[in-house]
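Please open the model in your viewer and keep the selection tool at hand. The tour goes from one selection to the next and says at each stop what is there.

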Amino acid sequence: MEGYGLFLALLGSALLLGFLSVVFALVWVLHYREGLAWDGAEAEFNWHPVLMITGFVFVQGIAIIVYRLPWTWKCSKVLMKLIHAGLNTIALTLAVISLVAVFDFHNTKKIPNMYSLHSWIGLTAVILYSLQLVLGFGIFLLPFAPAHLRAMLIPIHVYSGLFIFGTVIATALMGITEKLIFALKPPTAYKDSPKEATFVNILGVLVVLFGGIILWMVTRPHWKRPMEPNSKIQQKIGGKRESNEEEATMKDCKDPDSAYRSEARKPNHNLDDAGQRSTM
C-alpha cells in the first residue's frame with residue numbers, strides 16, 4: 001500500500017478524534033446539563049446529541065472507511081459488505097432512537113417540532129441515509145442486481161454516502177450551537193464564553209477534524225481496496241453464463257500483505273469493478 005505509514009497515522013487520529021467526540025458529548029450532558037434519562041424532561045433530550053455523535057458521526061465514519069483497511073483486503077468481499085452494512089445499520093438505529101427522544105421531549109414540553117434549519121436538514125439526512133441503506137442492501141449486498149446496474153449506480157452510491165456524511169457533520173454543528181444559544185442564559189450567555197460554551201465548541205472542532213480525516217482517507221484512490229483476484233463479471237456470451245461474480249466466497253483474513261501487494265500490480269477496469277471493489 002502506498003503511504004501505509006500515513007494511512008495508519010490518519011486512521012489512528014480518526015479513531016482518537018471520534019472517540020474523544022463521544023466522550024465530550026457524554027461529559028457535556030452529564031456534567032453541564034441534566035444527565036441522561038427517559039422521562040420527557042431535559043435529560044431525555046440529552047440522548048439526542050450523544051446518540052447522534054456516537055452513531056451518525058463516529059460509527060458512520062468508521063463504516064465509510066472499513067473497506068480501506070489493508071489487513072481486511074484478503075477477507076471475503078461478502079464479509080466486508082456485511083460489516084459495512086452492519087455498521088451503517090447501527091448508526092441509523094442510534095439516529096432513530098435519538099429522534100424519538102427529541103420528539104418526545106418536544107411534545108412533552110409543548111415545544112413545536114421541525115421549525116429550525118437544524119431539524120429540517122437533520123431529518124432529511126436521516127431519510128436519505130435510510131434510503132441509502134435500503135438501496136445498498138438491495139443492490140450491492142444481495143446477489144440479485146445485475147452487474148451493469150451496479151456499475152451504473154456505484155458512483156451515485158459513493159457520492160450520496162459522502163454527501164450524507166458531510167451533511168451530518170454540518171447538522172451536528174448547527175445542533176450543538178442551537179442548543180448552547182437556547183440553554184445558556186444571562187449572566188452566563190453563550191456570547192460571554194462560559195466554560196460550557198468553550199467545552200462544546202471544542203467538541204464541534206473534534207467533530208469537524210474527524211469528518212475531515214475520514215473524507216480525506218476515503219477519497220485517496222491509492223488507498224482503495226483492490227479487486228479480488230478471482231472475481232470476474234458475470235455475463236452472458238452465446239446464451240451461457242461465464243464464471244461467478246462472487247467466485248471466492250468466504251476467505252480467511254490471514255496474510256493481508258500478500259493480498260494487496262499482488263493485486264495492486266494488476267489494475268482491472270472491467271464493469272465488475274463496480275460490484276467487487278469498495279463502495280467507499
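For the helix pairs on this tour, axes are lines fitted to C-alpha atoms, for helices over the stretch in contact, and angles run from 0 to 180 degrees between N-to-C directions. Helices (H or I, at least four residues) and strands (E, at least two) are DSSP runs, numbered from the N terminus. This is a predicted model, in which local features need pLDDT of at least 70 and side-chain atom pairs count only at pLDDT 80 or more, while totals for chains, interfaces and linings use all residues. Residues are numbered from 1 along each chain as its sequence is written, and side-chain values use heavy atoms, with hydrogens and water left out.

**First stop: H3 and H7**

Select helices H3 and H7, whose axes come within 9 Å and cross at roughly 20°. That angle makes H3 roughly parallel to H7, a label given to angles under 35 degrees, whereas angles over 145 count as roughly antiparallel, 65 to 115 as roughly perpendicular and the rest as oblique.

**Second stop: Val57**

Stay in helix H3 and centre the view on Val57, which has its place there. Is Val57 buried or exposed? Val57 is buried, because its relative accessible area is 3%, and buried means under 20%, exposed over 50% and partly exposed in between (1.4 Å probe, protein chains only). Leaving aside neighbours within four places in sequence, Val57 is in contact with Met52, Phe165, Val168, Ile169, Val207 and Phe210.

A nonpolar core is a set of buried Ala, Val, Leu, Ile, Met, Phe, Trp, Tyr and Cys residues joined through side-chain atoms within 4.5 Å. The largest one here has 52 residues, and those with the most contacts inside it are Phe56, Leu203, Phe210 and Met217. Helices H1 (4–32), H3 (47–65), H4 (77–108), H5 (117–141), H6 (147–183) and H7 (195–218) are the elements that give two or more residues to this core, and the largest share, eleven residues, comes from H7. Select Leu203 next: not counting residues up to four places away in sequence, Leu203 touches Ser21, Phe24, Ala25, Trp28 and Ile53.

**Last stop: the loops**

Most residues other than glycine have a negative phi, and most peptide bonds are trans. In the loop between H4 and H5, select Lys110, which has a positive phi of about 60° although it is not a glycine. Ser193, in the loop between H6 and H7, also has a positive phi, near 55°. Finally, select Pro186 and Pro187, which are joined by a cis peptide bond with omega about 10°.

Notes
Contact means heavy atoms within 4.5 Å.
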